[in-house]
Structure formats: C-alpha cells, structure tokens
Amino acid sequence: MIGNSRLHWAWFAGDTLQDAWDTQHFPAAEVESIIQHWTSGLLPTTIFGEPFLSGYSSNPYLPLYIASVIPEQTPLWQTYPVAHVITLEDVPLLGVYPTLGIDRALAVLGAGETYNYPVLVIDAGTALTFTGVDDHRHLVGGAILPGLKLQLESLAHNTAALPSISLKRQLPNRWAIDTLTAIESGVIYTLLAGIREFIADWLQRFPNSPIALTGGDADLLLYYLHSRYPKFYPYLVTDRHLIFWGIKFVAITKNLAG
Ligand SMILES: Nc1ncnc2c1ncn2[C@@H]1O[C@H](COP(=O)(O)OP(=O)(O)OP(=O)(O)O)[C@@H](O)[C@H]1O
Ligand SMILES: CC(C)(CO)[C@@H](O)C(=O)NCCC(=O)O
Ligand SMILES: [K+]
C-alpha cells in the first residue's frame, strides 16, 4: 500500500499473513534497484534497517499487489513483472464515487469481510477518514480531515510561538495553563468530540455495527476513545491490517494472481 507518508507492506503465503511492516517511500532509482534485486534473485533481507521480504529469496517472482493513493509512485513499481495494481473497479463495493481513495475502499472492504457489514472504518493516518458501508456493501459515505500529526505539524509550521509536539498516551488537562498542554488539549479534545459525533450518528443508523480503527494512530486513538467514551467500548476494534485484508479479498476473488 503506497500511503501518503510511507509504504505499508504485507507478505502473504497463500491467504495467511506472514509479516507486515512499513518503510519510507523510495526514490525512483532505489525502486529500480529493488526490483532488479527481486528479479535477479539477489534479495536483500533488509532495506534501511527494515525487514524486507526476508526469507523469500528463493522466489523472486512473488506476485506484488499494489494499491496507491499517490498516482506518480505507482508506475515505479509496475515495472516488476508480476505487479498487479488494484483500482477502485476491482473493489466489490456499490455506490462508490470515482475519486474515492483506494485505501478507504480497501480498508472498509477488509473490515466488512472480517467484522461484518454494516461497518464503519476510522483510518487515523496522515489524513483521518471515516468510511461507512451498509449491509449490502453499499457505500454510505464518509469524511476526511487532517490526521493527528498533520494537525500538530500545521500549528507548529504556521505560527512563530507554537512548538512541534508529539502526543502521549495520557489525556491532557482540558483547561491547560501551559502552551504544550494547550495544544494537546485543543487537538485531542476537539478531535475526540468530533469522532464521538460521527460514531453516535453511525450507531443511530446502524445499531450494533462494528467500528474498526486503523492507521498509524489507531492505538493511541482507541486508548483515548476508551478513556473518554466507555459506552463505545463494545463496538470498537483496532486492526492495523484492514487494507491488507481488503487486498487479500480482491486478489482471491478476482484471482488476480492468474
Ligand atoms: N513510525 C511512524 N512513522 C510515521 N508515522 C507514524 C509512525 N508511528 C505512528 N505514526 C503515526 O501514523 C500516522 C500516519 O499514519 P499512516 O502511516 O497510516 O499514514 P499514511 O502512510 O499516510 O497512510 P494513509 O495513506 O493510509 O493515511 C501519523 O499521524 C503518525 O502520528
Ligand atoms: C483521504 C486520503 C488522503 C486518505 O489516505 C486518501 O484516501 C485519498 O487520497 N482519497 C481521495 C479522496 C476521497 O477519498 O474522497
Ligand atoms: K494534494
């Protein structure tokens, strides 16, 4: 999965997930040399310190399924001889609109297939997105806002006095009396209140629907939500692999591997 801040990798043997990890984006020349390694059987087991298809050196022609929200990055990886690019047309959801992000479509498909439909996905990545699908796999709709890190960074980058901060696993005092806590409080409590509204509205339409959290900030967000809104506890799950479950479903049902 080519995401906006990094690449998300999963290695499957058959339909069993073996390993999942993230890397940075690679410059074009680097991608070219990675693909050269794959196709010549000389697989590196680490790239920039990350495990990278380790243990798979005996099979350089492992099929590669690509989903991307960065159009310019996709062709770099398509030079691999067994690359399959997954697009919105491959995703068996009804009522999607043409510019819907493939990550959102795959995550909600993966969530529905894993936890049942209807389902709401909250992806706490670079952007934070809500994506809901009903029990006919029909897109209900969703919303997009800046993710946690992006909110904090944009404050720091566009002001003179505000520092860049990272969030802790502890809820701040709402009525802060120092700058760091004031930023934490503003971002966290506003975000949580917004998320609560979306969840409450969703559960009103679809009582008992599972709500699946994914993306880089999913664990932190789940922790905050559990602390603030214990009544949502029975509905919430975190699953870092929703997009991979979606890709697996598409690959198997469409038999893209040929
Ligand atoms: N090691 C890490 N590197 C980068 N971001 C991280 C890391 N660990 C947690 N995060 C958090 O993950 C978020 C980014 O999430 P993610 O990696 O899912 O984004 P992404 O690559 O843009 O994916 P998507 O396109 O699905 O949003 C950031 O807000 C950041 O706070
Ligand atoms: C919203 C993001 C950036 C989240 O990764 C991605 O899904 C995307 O680029 N979506 C396109 C716009 C849309 O989903 O309506
Ligand atoms: K843009």
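I'll begin with one residue, Asp103. Leaving aside neighbours within four places in sequence, Asp103 is in contact with Met1, Val69 and Ile243, where contact means heavy atoms within 4.5 Å.

Before going on, some ground rules. This is a predicted model, in which local features need pLDDT of at least 70 and side-chain atom pairs count only at pLDDT 80 or more, while totals for chains, interfaces and linings use all residues. Residues are numbered from 1 along each chain as its sequence is written, chains are lettered from A and ligands numbered from 1 in the order in which they are written, and side-chain values use heavy atoms, with hydrogens and water left out.

Asp103 lies in helix α3, residues 102-115. Is Asp103 buried or exposed? Asp103 counts as buried because its relative accessibility is 18%; buried means under 20% relative accessible area, exposed over 50%, and partly exposed in between, with a 1.4 Å probe and protein chains only.

Now the whole chain. Its secondary structure comes to seven helices and 11 strands, which are DSSP runs numbered from the N terminus (helices H or I, at least four residues; strands E, at least two). Of the 258 residues, 44% count as buried. Among contacts with a separation of 6 or more, 53% are between residues 24 or more positions apart. The C-alpha atoms fill a box of roughly 60 × 45 × 30 Å, taken along the principal axes.
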